[in-house]
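This briefing covers a predicted model. It takes up the helices, a surface patch and charged contacts in turn.

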Amino acid sequence: MKQKLMVWVRNLMRATRIDRGMTTSEYAVGTIAACAFAAVLYKVVTSAPVMAQLQSLLKDALDAKF
């Protein structure tokens with residue numbers, strides 16, 4: 001009985017291990033990827049066609065009749 005309890009507890013501990021988080025290299029890669037995504041998004045949003053569409057959308061929203 002005691003042996004079964006010990007095995008059950010050991011299996012429970014293995015199943016519920018807490019993730020210890022990312023290592024330093026994973027943080028570095030994640031940070032670089034996030035910066036690259038932000039740079040691409042900034043370039044897209046500040047491009048002329050997108051700016052024109054955003055300005056048009058904002059103008060239409062402000063000129064809406066109630």
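Helices here are DSSP runs of H or I with at least four residues, numbered from the N terminus. In that numbering, L54 is found in helix α3.

**Helix α1**
- Helix α1 covers residues 2-15, which is 14 residues.
- At 1.5 Å a residue, α1 should span 20 Å, and its end C-alpha atoms are 20 Å apart, so the two values agree.
- The number of buried residues in α1 is zero, so this helix lies largely in the open.

**Nonpolar surface patch**
- A nonpolar patch on the surface is formed by F37, V40, L41, V44, V45, M51, L54 and L57, with about 740 Å² of accessible area together.
- Two elements, α2 (24-45) and α3 (48-62), each give two or more residues to the nonpolar patch.
- Helix α2 supplies the largest share of the patch, five residues.
- L54, one of the patch residues, has 42% relative accessibility and counts as partly exposed, because that class lies between 20% and 50%.

**Salt bridge**
- The count of salt bridges comes to one.
- The side chains of K59 and D63 form a salt bridge, at 3.3 Å from N to O; this pair qualifies because the cut-off is 4 Å.
- K59 is exposed, at 52% relative accessibility, whereas D63 is partly exposed, with a relative accessible area of 45%.
- The two residues fall in separate classes because exposed means over 50%.
- Residues three or four places apart in an α-helix point the same way, because there are 3.6 residues a turn.

Conventions:
Residues are numbered from 1 along each chain as its sequence is written. This is a predicted model: local features need pLDDT of at least 70, side-chain atom pairs count only at pLDDT 80 or more; totals for chains, interfaces and linings use all residues. Side-chain values use heavy atoms; hydrogens and water are left out. Buried means under 20% relative accessible area, exposed over 50%, partly exposed in between (1.4 Å probe, protein chains only). Patches are made of residues with over 30% relative accessible area and no salt bridge: like charges are joined within 9 Å, nonpolar side chains (Val, Leu, Ile, Met, Phe, Trp, Tyr) within 5 Å. Accessible areas come from the Shrake-Rupley method with a 1.4 Å probe; for residues, only the protein chains shown count as cover. The expected span of a helix is 1.5 Å times one less than its number of residues.
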